[in-house]
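Hello,

Please find the structure below. My notes on it follow.

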Amino acid sequence: MYRETEIIKDAPQFGEPGFGDLVINVGPQHPATHGVLHLIITLNGETIKDIKPNLGYIHRSIEKMCESLTYRQFIYVTSRMDYLSAHINNHACALVVEKGLQVEVPERAQVIRVLFDELTRIASHELWWGAMAMDLGAFTPFFHSFRERETINVIMEETCGARLTMNYYVPGGVMWDLHPDFQKRVKDFITLYKKKIHEYDELVTGNIIFQNRMKGIGYISPEDVISYGCTGPVARGSGVHSDIRKVSPYSIYSKLDFDEVLETGGDSFARYVVRIKEMHQSIKIIEQLIDNIPEGDFQAKTKAVLKLPKGEYYQSVETARGELGVYIVSEGGTTPYRIKFRSPGFSNLSALNHMIKGGKIGDLIAAMGTLDLVIPDIDR
Amino acid sequence: MTNEELKVKLTELLPSATFEEGGEWLNVYIEPAALPAFAKQLKSDEVLQFDFLFCLTCVDWKTHLTMVYHLRSTKLQHAVVVKAKLDRTKPEIETVSDTWRTAEFHEREVYEMFGVHFLHHPDLRLLILPAGWEGKNPMRKDFEDPVNMIKL
């Protein structure tokens, strides 16, 4: 790859193709790439001709590690993939093991899981909103979003004991029961959220500078969304029905009343609106459940050593970024024979070149901001 | 479409295909050479419309490699798993990135991790691993690397 400044020996002359091209590296240490993403961008003037992502700066070979971890242990490694959706990653792994073992999860555990999933989704979108506005040059929104996100982190910390890599889900339920203050804290959060959320629209959504930078930027058509395998808000911003909670419902999502947010713009602004509206839908789900947490066990009784019967298992869930799939090939042992994580960011990133080719370099930041890339999720 | 209906339809398209049931979805085993044409049919056929390749991976079975393609139709909401066995010493298969664009990145990952060569791939380079890892395939079962301990 381009490790040093590349000196083009046979530079194209005036009139030849490629005349005036400039190759620049963005990242791996660049504030706008939100982590160690390295983009090799070919520019002509300010116009982007080509983007080649260079991945692997945070590759830990999680799939290989999981091959030597038991079905109880491997869940905790996955918190380190998409660290902003740690609970939802854990949920996917717990579900796939439960599917293999045919364990019935107690209703209380299922409700607790969905509550935490939706709180995670809000926390993730809050961070995205602040970080994306910061990419575009607005620093204040970051503090606004972290004000609300902090209250979610406190809720997580009380019950799970951690603020980022929670490791709360186990095959068969959750690790321990809710903190006694949980319901009160969540209700306080809902009140705070409803009081403050209009500030988001006043600060950013309605801002004319922001809208000019977002509308029509990074357009992707519904056909290309499907072909590139984009999922989550990226797909729904182009009007593709792709919410796993609706397409193939898991846990108790089929019993809940919420809408799949669809926008038809296909540009950065549409993806922005999808995420903002998704936060409202998550609040709607939490409101339905918070007063109706059933009594009972928080964990099903499972054997100390879990062995998945020989076969193949696949489970996908909707994380804050899209469809996370866990594919396990079992040989009947205590560890997976092969495990594959189909991460949403990986496929979403592959569409970046298609989205932004021909645009300006300033638009790249706006388009990448709405892809909501989490690099450990892409590299795994 | 149910698995039974899919089975009938896919046999019509490719008589040499063999099937395996038991999992959630129907597994179709095909010859590697049949893949590109079969993939195009799966995507374009009126009643199949498998337009979404949601997972592409490979499994090392020590004696051979198996390519695994998970396909779903976003319109008809049915899914199928296409599998192709590859020779372990010289694994080669045609790319499907012209049918499903997402395969371009996924195939590059399989290329570096398992050493499968995808013929006619537009840009078959290392994606995640750093330069110099060509020929060493970390996800294969016989991979040994005492320096970077990835086995726990």
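Strand 6 (residues 311-318) and strand 7 of chain A are paired antiparallel, with eight bridges between them. Strands here are DSSP runs of E with at least two residues, and helices are runs of H or I with at least four, both numbered from the N terminus; two strands pair if DSSP finds at least two bridges between them. This is a predicted model, in which local features need pLDDT of at least 70 and side-chain atom pairs count only at pLDDT 80 or more, while totals for chains, interfaces and linings use all residues. Residues are numbered from 1 along each chain as its sequence is written, and chains are lettered from A and ligands numbered from 1 in the order in which they are written.

Eight of the eight residues of strand 7 (residues 323-330) of chain A are buried, so the strand is largely enclosed by the rest of the structure. Buried means that 20 or more other C-beta atoms lie within 10 Å of a residue's own; exposed means 12 or fewer, and partly exposed is in between, with C-beta atoms placed from the backbone. In a regular strand the side chains alternate between the two faces of the sheet. On one side of strand 7 of chain A the buried residues are Glu323(A), Gly325(A), Tyr327(A) and Val329(A), and on the other Leu324(A), Val326(A), Ile328(A) and Ser330(A).

**Contact between the chains**

Chain A puts 30 residues into the contact and chain B 28, two residues being in contact if their C-beta atoms, placed from the backbone, lie within 7 Å. On the side of chain A, the elements giving two or more residues are helix 1 (62-66), helix 8 (222-227), strand 6, strand 7, strand 8 and helix 12 (344-350). Strand 7 of chain A has the largest share, four residues. By class, this side of chain A has 12 nonpolar, 10 polar and eight charged residues. Ala, Val, Leu, Ile, Met, Phe, Trp, Tyr, Cys and Pro count as nonpolar, Asp, Glu, Lys and Arg as charged, and the others, Gly among them, as polar.

**Helix 5 of chain A**

The 21 residues of helix 5 (residues 140-160) of chain A should span 30 Å at 1.5 Å a residue, and the end C-alpha atoms are 30 Å apart, which agrees. The expected span is 1.5 Å times one less than the number of residues. Helix 5 of chain A has a kink of about 25° centred on Arg147(A), the bend being the angle between axes fitted to the seven residues ending at a residue and the seven starting there. Its buried residues include Ser145(A), Glu148(A) and Ile152(A). The buried residues of helix 5 pack against helix 4 (107-135) and helix 6 (182-205) of chain A. Gly161(A), with a positive phi near 85°, follows helix 5 of chain A.

**A loop in chain B**

Ala33(B) sits in the loop between strand 2 (26-30) and helix 2 (35-44) of chain B. Ala33(B) counts as exposed because it has 12 C-beta neighbours inside 10 Å.

Regards
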